[in-house]
Protein chains: 2
Amino acid sequence: MTAVQQPLGEFDLIDRYFARSVGVRADVILGVGDDAALLRMPPDTELVAAVDAVVAGRHFPFDCDPRSIGHRALAVNLSDMAAMGATPAWATMSLTLPSADEAWLQGFSAGLFALADAHEVALVGGDTTAGPLTISIQILGHVEAGTALRRGGAAAGDLLAVTGTLGDAGAGLALVTGRLDARDRAAADAMIERFDYPTPRVRFGRAARGLASAAMDLSDGLVGDLPKLARASGLAAQVDVERLPLSPALQSLASPQQAREWALAAGDDYELLVAVPPQRWDALAQVARGLNLKLTTIGELRPGNGVRWMLGGQLFAAPEHGFDHFR
Amino acid sequence: MTAVQQPLGEFDLIDRYFARSVGVRADVILGVGDDAALLRMPPDTELVAAVDAVVAGRHFPFDCDPRSIGHRALAVNLSDMAAMGATPAWATMSLTLPSADEAWLQGFSAGLFALADAHEVALVGGDTTAGPLTISIQILGHVEAGTALRRGGAAAGDLLAVTGTLGDAGAGLALVTGRLDARDRAAADAMIERFDYPTPRVRFGRAARGLASAAMDLSDGLVGDLPKLARASGLAAQVDVERLPLSPALQSLASPQQAREWALAAGDDYELLVAVPPQRWDALAQVARGLNLKLTTIGELRPGNGVRWMLGGQLFAAPEHGFDHFR
C-alpha cells in the first residue's frame, strides 16, 4: 500500500489498516510494498478485471457505518465477478479520504476484510489521497478459458430470471433516509441490512456457467439494467412485473405499488439477472436450490429490441431509472 | 466504460471519449461494455498489477493542460510497470470529474491515448463519478515468470544507478508555479515538458531484467525513494551527491545548490533507480546506450541500514522529502 503525497503520520496509520495481504493467498508472489504486485494465474484461465467506485453522498449516505462502506466498496466489485461467472482473487484499492480518522479506518477495514476473507480475495495494492470520501476498487479474478458469462449471449426464447428478491435495498435506503416508516422493526432492520451489506452472488455466477446464456448484475435496477442485456444480445425482452420476487419484509413495509417501484428502479440489490434456454432451466434452478438461493423467472427474450413491461396482461409504464437517489 | 450514477447526458459524453478499446489488442477477449473485461495472459508469465491516483492541486496544478493530465495519469502507472521490468498491457480507470467539459475530455483523452497507444496499452474498463478531479488508473501487465525486478533483490557491493537526469520535473513545476524565472525560454520549456510529460522507462526496465538486482521508480525524489529500496534489500546506501545527473537545461536555469535540491527531493522525475552487481554494470550500461538513455552510477549499497549522502567527501544533510509541493 503506497500512500502518495500523504503526510507521513496519516500514511503510516492508513498502511497499518491495509498492509496485511501478504501470505493470504499462495498465488500472491509479491503483494503490497513494491512498485506493483506479482500474481500467478491458474493455467488455462482468462483474466477478469473490473473497477467500480463508491462515493459518499452518492452511493451511500454521508453518515453510513464505515463497516458497511468497506463491505459495499468490495461487494459491488465482487458482484461484477459474479456476473461473469468468474472467481475473484485479488484487488487493488484507490482510497480518497477527507482525513485519517482511526475509528473510521478500523470500521471500514473490518467491513472490507470480512468480505474479502469470505471470498479469499487478497488486497495486493493501493493508493491513498486526501479528498472527499471515494473508494475505488479494482477487482481481478479468473475464469476457465471460454466459459465466462456475458451480457450478449442470450437467444430468442431464453427465459429471464433473477436471483434473490428485488427492491429490498431500495426500501432499506428509504428507511435510512427517513422516507419510509419502520412500522415493523424486524422487517425494517432486514431491509436496512440488505442495503448496507449487499451479497454478491459469486457462487451462483460460477455455477451458472454452461447453463445460463447471458448474465449481468443488478446495480441500477431492472429498468436500468435489463435493456443493456437485451441490447447486448440483440433482442427484445418482455417482463411480467407481477412475477418480480418481493420479500415478505418488503411487502410488510411498503404498499404493493411502492414495493414494485423499488423492485424495478431503486437499484443497489446486486442480484444477478440471467438468461437461460428453457431446456436448461431445470438444471439452473437446481443449482440455485443447492445454494439455498431463490431463482425466479420474470419473463423472456424475443426477437426485436426494447423492453415490454406487462402487468395484469396490460402494458405497464415502468418507472424511470432510479439511480439519482442522493441528489 | 460504465458510468454509474451520472446523469445520462454526461455519461454518454464521457463514454464517447473512452469507449474505443475494443480490437486494440488481440488479447482483449472482451473490453469495455460488459460487467468486466476478459483478458488473455501470455503463457508462463506472472500478472503484474498496480494502482496510482493523481489528484488536481496535489499531483498537478489545477490549471494544468488536460492533455498533460491524461498523459500523467497513465505515465505514473507505466512507470510502476517499468520498475518491475513488466510489459504493460491493459488498464482500467476510475475517473472523478467535477463536470463533463467536452474540451477538457478531448484534451485529457488525447493525452491518455497517445501514451497508451505508444505502449500498446488497451483501456478495458472504467467508472466515472462526479467530484473533485481525481484520476485513478489500475495498470495490468505481465512478466516472464520469475524475472520481475523487485526492490528487495540487491546485495552489498551492488552499484546504484539512475536513468536520465534528475530534478528537471522539479524545475518544471517551479517554472509553472512562478517560483523560478524562465531566464532561458528553450531551457524552461524543456523543463516544463519534463514535468508535464514524464517518460516512463518501460523499455529499459524490461531490458534490465537479469542484469539489475533491484529497481524502483523515482516518483517522490531520491531522498524519499532510495531509503525504501535500501530497506527492502536489508542494506545501507551511500550516494555521492555530486554524481547526480543534472541536465544542461536545469543547470542553466538554477543555482548548483537549487538544482541539487530538486534532483534529491522534488520528485516527479519518473526515472528508474536500479541496483546492479559491479560485474554486470557494463552489460547494463550497454542496454542503456542501445536505448539512447543516460545511465549514471550515483553510489553503492553496503551492509547496514540508512542512507549516507556525501558531497565533496563530507557527509551532506540532504533536504527533506519534498512531496508536499502543492499544499
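**Domain and chain interfaces in a predicted model**

Across the interface of domain 1 of chain A and domain 2 of chain A, seven residue pairs are in polar contact, both residues at pLDDT 80 or more. A polar contact is a pair of N or O atoms within 3.5 Å; within protein, one must be able to donate a hydrogen and the other to accept it, and residues adjacent in sequence count only if both atoms are side-chain atoms. On the domain 1 side, α2 (66–84), β4 (87–97) and β6 (134–144) of chain A each give two or more residues. The largest share, 11 residues, comes from α2(A). Helices (H or I, at least four residues) and strands (E, at least two) are DSSP runs, numbered from the N terminus. By class, this side has 11 nonpolar, seven polar and five charged residues.

The model is predicted: local features need pLDDT of at least 70, side-chain atom pairs count only at pLDDT 80 or more, and totals for chains, interfaces and linings use all residues. Residues are numbered from 1 along each chain as its sequence is written, chains are lettered from A and ligands numbered from 1 in the order in which they are written, and side-chain values use heavy atoms, with hydrogens and water left out.

The domain assignment of chain A gives domain 1 (10–144) and domain 2 (151–315). Their bounds come from an automatic or database assignment. The C-alpha centres of the two domains lie 26 Å apart. In contact (heavy atoms within 4.5 Å) are 23 residues of domain 1 and 18 residues of domain 2. The two domains bury about 1700 Å² between them, 59% of it on carbon and sulfur atoms. Buried area is the accessible area (1.4 Å probe) that two parts lose on being put together, summed over both. One salt bridge is counted between the domains. A salt bridge is a side-chain nitrogen of Lys or Arg within 4 Å of a carboxyl oxygen of Asp or Glu. R209(A) forms a salt bridge with E144(A), with the closest N and O atoms 2.8 Å apart.

Between chain A and chain B, 57 residues of chain A are in contact with 57 residues of chain B. The area buried there is about 4800 Å², of which carbon and sulfur atoms give 55%. Four salt bridges are counted between the chains. R151(A) and D35(B) meet in a salt bridge (3.2 Å, N to O). On the side of chain A that touches chain B, β3(A) gives the most, with nine residues.

Definitions and conventions. Nonpolar A, V, L, I, M, F, W, Y, C, P; charged D, E, K, R; others polar.
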